[in-house]
Amino acid sequence: MPYPANYGGVVDVFYKIKSLHELGIKVILHCFKYGREEQEELEKYCEQVYYYERKVAKRFLFNTLPYITKTRRSEKLLENLMEDRYPIIFEGLHCCAYLDDPILRGRKKLVRMHNIEHDYYSNLAENERNVFRKYYFFNEANKLKKFESVLESASDILAISNSDYEYLHDLFPNVVKISAFHPNDRVRIKSGKGNFAFYHGNLSVGENDIAAQFLVNEVFNDIDIPLVIAGSKPSEELKSAVNENSNCTLKVNLDTEAIHQLIIDAQMNVLPTFQVTGIKLKLLMALYNGRHCIVNTPMVTNTGLEDLCTVCEDTIALKQQVISLFDLEIGEEVTKREEVLDLGFSNRVNAEKLIHLLS
């Protein structure tokens, strides 16, 4: 369900739909419901929206298909796809249950890869403390690795980053890089200086929670610069760490607009990660809307965004850059951002590439 567009994967889907609509493409959307209501907003950009219940029974954990794929099967979906002969975009391995189905033979079928999914799930497992969730992530990673061969049935595979392109291109001949779709149409940086550093992410994801703890415990632990962290479902460890550090504030369950405003108002967006996968939508949001952007190497490796950020190799460098940039207004970096982002990360440019593949 790609609306509200308030986390990585659905941001790409929603703004892809919107960009195609703006260029005159008629979109029929098929989406699975689980925890979100049907959304009238989607009807503004889609000719038709079909909803299906996602079947999340625990017995599917023991199927040979990945759980994220098995739970997105629907005979009604297959029937609806057969009502016409239009091209189909499958969003991730999640939605590829019918990619190799004989009924769809001869159709143009594009697969949008949001990550190298087995790598993503392996990293989730490594960062997960709960033993049952850790086992689930490792098991899912193995299934996703095996299931990846289904991409042989795709007409084209759409990689979201340079790293993903290189990996997929070694396995499949028909890979095209189309970077992430996002809510930004141009670079808009607020003048002046902010008075805090900002980190945001879905804190229910272990990787993000660990990155936030790293900032509290190892970067902002002994410097007199305020850090604001925003996200949903923080761990008890993160809550405790924030409570023990008077410079740090935790804001939970903010809406997208509030997070966007914090990105704009902050003096710097500090975005470390310990997982090299795809491209982080929060990094694009920070570069389009925020002042200084400080990252570690895994956040920008092979993204094409390296030169737009202050990249730090270790904790000491990260802390030093936070201190040195806290009193410095952003300047000529804005022009460089405009040049790079308009060329390689424009929604319109990416939508035009996609339309060419669909035609």
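Which residue in strand 4 stands opposite Phe90? Val111 in strand 4 does. The legends below take that spot and several others in turn.

This is a predicted model: local features need pLDDT of at least 70, side-chain atom pairs count only at pLDDT 80 or more, and totals for chains, interfaces and linings use all residues. Residues are numbered from 1 along each chain as its sequence is written, and side-chain values use heavy atoms, with hydrogens and water left out.

**View 1**
Look next at strand 3 and strand 4 (residues 109-113): they run parallel and are joined by four bridges. (Two strands pair if DSSP finds at least two bridges between them.) Here Phe90 faces Val111, its opposite residue in strand 4.

**View 1. Strand 11 is mostly covered.**
Strand 11 spans residues 292-296, and five of its five residues are buried. (Buried means under 20% relative accessible area, exposed over 50%, partly exposed in between, with a 1.4 Å probe and protein chains only.) Which residues point one way from strand 11, and which the other way? His292, Ile294 and Asn296 point one way. Cys293 and Val295 point the other way. All of these residues are buried. In a regular strand, side chains alternate between the two faces of the sheet.

**View 2. Strand 11 pairs with strand 10 and with strand 12.**
Strand 10 (residues 268-271) and strand 11 pair in the parallel sense over four bridges. Across this pairing, Val270 stands opposite Ile294 in strand 11. Strand 11 and strand 12 also pair in the parallel sense, over three bridges. There, Val295 stands opposite Val311 in strand 12.

**View 3. Tyr3 and Pro4 are joined by a cis peptide bond.**
Omega of this bond is near 0°. Pro4 sits in the segment before helix 1 (8-22). Tyr3 also takes part in a ring pair, shown in the next view.

**View 4. The rings of Tyr3 and Phe14 form a tilted pair.**
How many aromatic pairs does a search of the whole structure find? It finds nine. (Rings of Phe, Tyr and Trp, the last by its six-membered ring, pair if their centres lie within 6.5 Å; planes under 30 degrees apart count as stacked, over 60 as edge-to-face and the rest as tilted.) For Tyr3 and Phe14, the centres are 5.1 Å apart and the planes stand at 45°, so the pair is tilted. Tyr3 lies in the segment before helix 1 and Phe14 in helix 1, 11 residues apart. This pair links distant parts of the chain. Tyr3 is partly exposed, with a relative accessible area of 25%. Phe14 is buried, at 4% relative accessibility.

**View 5. The rings of Tyr67 and Tyr136 meet edge-to-face.**
Why is this pair called edge-to-face? The ring centres are 6.1 Å apart and the planes stand at 90°, so the pair gets that name. Tyr67 lies in helix 2 and Tyr136 in helix 5 (residues 131-147), so the pair ties together parts that are 69 residues apart in sequence. Tyr67 counts as buried, at 12% relative accessibility. Tyr136 is partly exposed, at 22%. Both rings belong to a cluster: ring pairs link Tyr67, Tyr120, Tyr121, Tyr136 and Phe137.

**View 6. Lys233 has a positive phi.**
Phi of Lys233 is near 55°, and this residue is not a glycine. Lys233 lies in the loop between strand 8 (227-231) and helix 8 (236-243). Is Lys233 buried or exposed? Lys233 is exposed, with a relative accessible area of 63%.

**View 7. Asn302 has a positive phi too.**
Its phi is about 60°, although Asn302 is not a glycine. Where is Asn302 found? Asn302 is in the loop between helix 11 (297-300) and strand 12 (310-312). At 26% relative accessibility, Asn302 is partly exposed.

**View 8. Met285 is a buried residue of helix 10.**
Helix 10 covers residues 281-289. The relative accessibility of Met285 is 15%, so Met285 counts as buried. Ala212 is 73 residues away from Met285 along the chain. The C-alpha atoms of these two residues are separated by 18 Å.

Definitions and conventions
Helices (H or I, at least four residues) and strands (E, at least two) are DSSP runs, numbered from the N terminus.
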